Amino acid sequence: MAWFKKTRKPMAAPAKEKPSRVPEGLWVKCPGCAQAIYNKDLVTTLNVCPKCGHHFRLGAAERLRTLFDAAWTEYDKDLVSTDPLSFTDTKPYRARLKAGMEGTGLRDAVIVASGAIDGIETMVAAMEYEFIGGSMGVVVGEKIARAIERAIGARMPVVIVCCSGGARMMEGALSLMQMAKICAALARLDRERLPYIAVLTDPTTGGVTASFAMLGDLNIAEPKALIGFAGPRVIEQTIRQKLPDGFQRSEFLMEKGMLDLVVDRRELKATIASALRFMGAGALATQSEAVSP
Amino acid sequence: MPLETLEFEEPIAALLKEIEALTQLPRTDARDREIEALGRRLVTVRGTLYKSLTPWQRVLVARHPNRPGLEDFIQRLFTGFVEIHGDRRFADDHALMTGFAEFKGQPVLLVGHVKGGDTKEKIFRNFGYARPEGYRKALRAMRLAEKFRRPIIVFVDTPAAYPGIESEERGVAEAIAVNIRDMTVLDTPIIVIVSGEGGSGGALGIAIGDRVLMQEFAIYSVIPPEGCAALVWRDSSKKAEAAAALKLTAPDLLEFGIIDEIVKEPIGGAHTDPAAAAQLVDDVLTRVLAEVGAMTSDARLAKRYEKFRNMGRAGIEFLEE
């Protein structure tokens, strides 16, 4: 056989890498500036590239570590979804839930906990993207609603760190109704004049954006996070055009007036603390004690 | 306009055609008898067909081009409708209509999506895809109703909120979020009727109420079946499977406690007899409006909160460590 007729083995496709997750190993290539970063450096910079400021995605537990001063109290960690629709697509939803639990050590896509942020007792809900895309189903809805109700009871501010693709399709309209459930609780929090800060991280889309992510007394985003209602692909299909650069990114939303500020993760805790102080938090608990007979 | 038939309605289409052909013939007693017989057959065929619709067939019925929508209900159930336009911020959205009218002598505010009838009107109405200004107009109008203690009646029929650049730029997510939050505490009775397509956030953005009713063949879903199929099966032709998996039919939603009541439709769906369909809505609406209207503000708001607060509880289990 002539050499030029030789059939070549196709090159193996490179293993698909997840772009914004810190992989194992000593060195990490930054998707922002393509530079190699020493893994241990990332720990001290809260998973932000020290060279270009690219924000790697944070897991829910790591997120709490970056916000709380010390240990925190977790709530409702034993709630699990029963798969109310008995949903099966290419895989049963139960299998997806199981994989999510094994992958993250959590039972669903959010951790709720209270603890001190710069000395201010705060209720925080942090969403976990690795659990079925951070999607909001009945458990996420229930845990966040309970967290808000607890915060009202204890006269505490609420911070929700969003990181979610939106409502969880596998729980159908029940997941859609979690938007209503959480918004209803937020309306009560609002009437109680208690602070609520929404932190929008990459990505915050769909039903999460169209409910609690946009309802903060302050809406704070991390740089260059994807934030939107409809997914970019859906919009491209509707308008049959490519979307402009930077569309649906934090900076774009701020420019359009939808965000109060875009803050580097390394400044986030301090910014939240100063906002909470402006809103009178910290003094809240003592105030209510003084008022109550 | 002749009634359009859906792909699964072939036996109905054949009968309609036969009747149509007969009516062209010169009038005789024999012809009339035959038309009458065919008419009776039509009712039975429709009855059996509609008794066992698949979820996907229900999606098609909910989207039927002749399905009566807000404008039809306004004409049949309300008097003296005066439309109010615009969000006083940016524009007047044509996919979402608001206005006041009387329902049996009682002044009410009407809010609802409009999809439009013919092609020209469909384009004008943006096929029922509302933009942010639509949701903001709705909230402005609802505040007006709250101020003057008038009940609000909402008709939901939209594929989705408009997924376009300008929607995102003007904050469609924020508009929907604010509506949902504020409607949970709006101090006046709110009755919601899902009359066609309950398309995700675009529907929920006006669908918080003391009672959520749903017409028998309407649908209410977190994502359209086509979108779901494209997402998980990577194949939009799996829409029938997706429609079944999503549990988006009225009986499913009643079981989950997402809706309070199903409003029956005439045999063959609301589009076959809009007058009868409206009458069925009228009956339920009259009763429900009286029930909710009789409650005190505090009791009504507490109940509204509890209703949405409890949604999904049945889907949660408590696992011991």
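Which element gives the largest share of the lining of the second largest pocket? In this predicted model, α4(B) does, with 4 residues. Helices here are DSSP runs of H or I of at least four residues, strands are E runs of at least two, and both are numbered from the N terminus. The model counts local features only at pLDDT of at least 70 and side-chain atom pairs only at pLDDT 80 or more, while totals for chains, interfaces and linings use all residues. Residues are numbered from 1 along each chain as its sequence is written, chains are lettered from A and ligands numbered from 1 in the order in which they are written, and side-chain values use heavy atoms, without hydrogens and water.

The second largest pocket holds about 640 Å³ of space. A pocket is an open set of points on a 1 Å grid over the protein atoms alone, with protein on both sides within 12 Å along at least five of seven lines; a cavity is a set of points where a 1.4 Å probe fits but cannot get out; lining residues have an atom within 4 Å of a point. Points are joined across faces, edges and corners, and a volume is the space filled by probe spheres set on them. The lining of this pocket comprises 28 residues. Nearest its centre lie B:P65, B:R67, B:K115, B:G116 and B:G117. In chain B, α4 (70–77) and α5 (119–124) each supply at least two lining residues. By class, the lining has 10 nonpolar, 6 polar and 12 charged residues. Ala, Val, Leu, Ile, Met, Phe, Trp, Tyr, Cys and Pro count as nonpolar, Asp, Glu, Lys and Arg as charged, and the others, including Gly, as polar.

Cavities of 30 Å³ or more number 3. The largest cavity has a volume of about 100 Å³. Its lining takes 14 residues, and A:M214, A:L253, B:E168, B:G171 and B:A173 are the closest to its centre. Two or more lining residues come from each of α8 (250–255) of chain A and α8 (172–183) of chain B. The largest share, 3 residues, belongs to α8(B). This lining divides into 8 nonpolar, 4 polar and 2 charged residues.

Chains A and B bury about 4,900 Å² between them, and carbon and sulfur atoms give 70% of that area. Buried area is the accessible area (1.4 Å probe) lost when two parts are put together, summed over both. A:M169, A:M177 and A:F229 supply 13% of the area that chain A buries against chain B, more than any other three residues. Contact (heavy atoms within 4.5 Å) involves 57 residues from chain A and 54 from chain B. The interface has 4 salt bridges, each a side-chain nitrogen of Lys or Arg within 4 Å of a carboxyl oxygen of Asp or Glu. A:E142 pairs with B:R309 in a salt bridge, with the closest N and O atoms 3.0 Å apart.

Domain bounds come from an automatic or database assignment. Chain A is assigned domain 1 (25–56) and domain 2 (58–291). Their C-alpha centres lie 25 Å apart. These two domains of chain A bury about 690 Å², 55% of it from carbon and sulfur atoms. Chain B is assigned domain 1 (10–52) and domain 2 (58–320). The C-alpha centres of these chain B domains lie 35 Å apart. The area buried between them is about 440 Å², 73% of it on carbon and sulfur atoms. B:V43, B:R46 and B:Y50 supply 91% of what domain 1 of chain B buries against domain 2 of chain B.
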